[in-house]
Amino acid sequence: MADTHAHSVAFVRKDVIPESPPPARQTGVPKWLRENLFSSWANTALTIAAAWAIYMVLSSFLPWILNGVWDASSLSQCREILAGKTGACFAVLTERWHQLLFGFTYPSELYWRPVLAFIIMLVAFAPVLFFDLPRQMLVVTVLFPFIAFYLIWGGPLLTPIIAFLGCVAGYLVFSHYGKANFATGFFGGIAAAFIVWSIGGLLVDLVRPEEPWMTPVPSRDLGGFMLNMMLGVTCVSLSVPLGIVLALGRQSDMPLIKAVCVIFIEFIRGVPLITLLFVASVMLAYFFPPESTVDLFLRVVIMITMFSSAYIAEVIRGGLAALPKGQYEAADSLGLDYPQAMRLIILPQALKISIPGIVNVAVGLFKDTTLVSVISMFDLIGMIRGPILASTEWSGVYWELFGFAALLFFVVCYGISQYSQWLERRLATDHR
Amino acid sequence: MAEAQKLEISDEIAIDIRNMNKWFGSFHVLRDIDLQVRRGERIVIAGPSGSGKSTMIRCINALEEHQQGSIEVDGTLLSSDLKNIDKIRSEVGMVFQHFNLFPHLTILENCTLAPIWVRKIPKKDAEATAMHFLEKVKIPEQANKYPGQLSGGQQQRVAIARSLCMRPRIMLFDEPTSALDPEMIKEVLDTMVSLAEEGMTMLCVTHEMGFARQVANRVIFMDAGQIVEQNEPEEFFNNPQNERTKLFLSQILGH
């Protein structure tokens, strides 16, 4: 009995079945069409309905675009040219492009300065965003804030130089004393920077030239999409490091630091951004010494940075919480101290987890810069709603202007989103 | 096992734990632990789960804080002084149950990170040392891969190499084979055996009783936060004295 059973069940394979290609009907475009568009009667009906809907939208939208008038001096002239046909009046863009991009008071002979600053910005951000590029390019990144300030605001050359020297002094003091005692280095660095700045400030006033090489442009003359870009870039680059510090502070064992961070985050998150912007435009002056006039641009930057850093801190806290406890223990057991463990082990992983969240906040923040139009700063939206729509020539041109604004923002935000997806793929080393 | 016992054990005390007590909240996890480890000793710590084995060895490099008593490692008293803690941690290597490799770094970077940043060794030298130890654990060809691409056994051997790169004088193993498939346990145990044969001072929490017989010169049995029995492996396995030990051994050696 046992023998017969073994005879029928025992089996030994001696060779491997070779790989073969799948059947021809199961690949390519026909298969995709059949599976995705025409797999059943219901699906086929939906496909046809969707095609009809797309046709309806395009049939009214495309003529509007294609018939668009690009050359006219007012809305009424546009209507004359169109003579009753549907068509957009893009002439407002060609006639007012400089106002949309730079605001209506920035001197037009100086447009090359913000444009040059924008180009240098691309070079400065490249090594930070794409870390395979040569590290020497970081020199541009370090110098960029000072160059950009000089180009956009103009004024005496000494101002950005003093600002730069102050930062250098602060860094030198910090790197010298910070190793032995972090607090000494940190506060010593800040003190050193302030000493250089205040001495330098006096110096700048003493030797102020009659005619600086770069004509000074006050902050209230900034406007248009340039203002959105400046606010967005400055606030995002400041709020990410501040957010990291707040997130680490919230995890700290030291009760005072923890309390300060928790209160800051919870308070700022609980207040609408518009409120903070009104505080910036009206009330913040009370917190500074009476004679000092802190620039409105700077006040707005401070408020938006605080607002978004609170959000970024919470996003990063999520990343920190997602790391297994073993990573902290492994770093500790190897003898790494707290700054080393954070910088080399914990933050690289936590930030990688937080990328989607940080990008989310960054994109939101960039779009929220349009809120400054309510405190009468003439950013892109402020320009459209104010000087352009209020003018006799162009009142009533809504779709073209706001469509253009949407397009500009979409290009930048979509770019950020694509970059973040590239970054996530590039950093994926866990091979899950 | 005869071979293992030939290994020299000096009279120098490497770890000196005296009257150590620890509480988690109000739960008394470690009670009056007294343990002297001489240089070159290979100690296996066994016991039922929850008996405080892991907690005890985690106290030695201050991953857990003890509340009473004293721990001295290589003559350095473990106190709340961060300098002492960092000094002890860089002398004491630790291998975890779940490997705890750094997933964002390659195998080689995992091994060179601490020597470069803690010991301030030049990168070239640190890499040479790392390759030496990766060869020793028999995976030099994986040096440029990421931990996620390796099997569990390979990851655990990398974790051992990573600790060895700091040239520790003492190695702690916290259930190093508990998270591994049976086939991979052997490769990790082989690595540990060869480490023991070189005279490394080792404290190992493990359920691998074969390893204990082969390598250990002392087996410690813990229950309910206390050391209830310790002896040479031969005596420990053949002639256990404590009732709890007898029960434990009959359970795990029963089949």
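Chain A splits into domain 1 (32–63) and domain 2 (220–432), with bounds from an automatic or database domain assignment. This is a predicted model: local features need pLDDT of at least 70, side-chain atom pairs count only at pLDDT 80 or more, and totals for chains, interfaces and linings use all residues. Residues are numbered from 1 along each chain as its sequence is written, and side-chain values use heavy atoms, leaving out hydrogens and water.

Reader: What makes A:Glu329 and B:Arg58 a salt bridge?

Author: A salt bridge needs a side-chain nitrogen of Lys or Arg within 4 Å of a carboxyl oxygen of Asp or Glu. Here N to O is 2.6 Å, so the pair qualifies. The rule finds 1 salt bridge across the interface of chain A and chain B.

Reader: Which helix of chain A gives the largest share of the side touching chain B?

Author: That's helix 14, with 8 residues. Helices (H or I, at least four residues) are DSSP runs, as are strands (E, at least two), numbered from the N terminus.

Reader: How much area do chain A and chain B bury between them?

Author: About 2,000 Å², 61% of it on carbon and sulfur atoms. That's the accessible area (1.4 Å probe) that two parts lose on being put together, summed over both.

Reader: Why do strand 7 and strand 8 of chain B count as paired?

Author: Because pairing takes at least two bridges found by DSSP, and strand 7 (residues 170–174) and strand 8 (residues 201–205) of chain B have 5, in the parallel sense. In strand 8 of chain B, B:Leu203 is the bridge partner of B:Leu172.

Conventions. Chains are lettered from A and ligands numbered from 1 in the order in which they are written.
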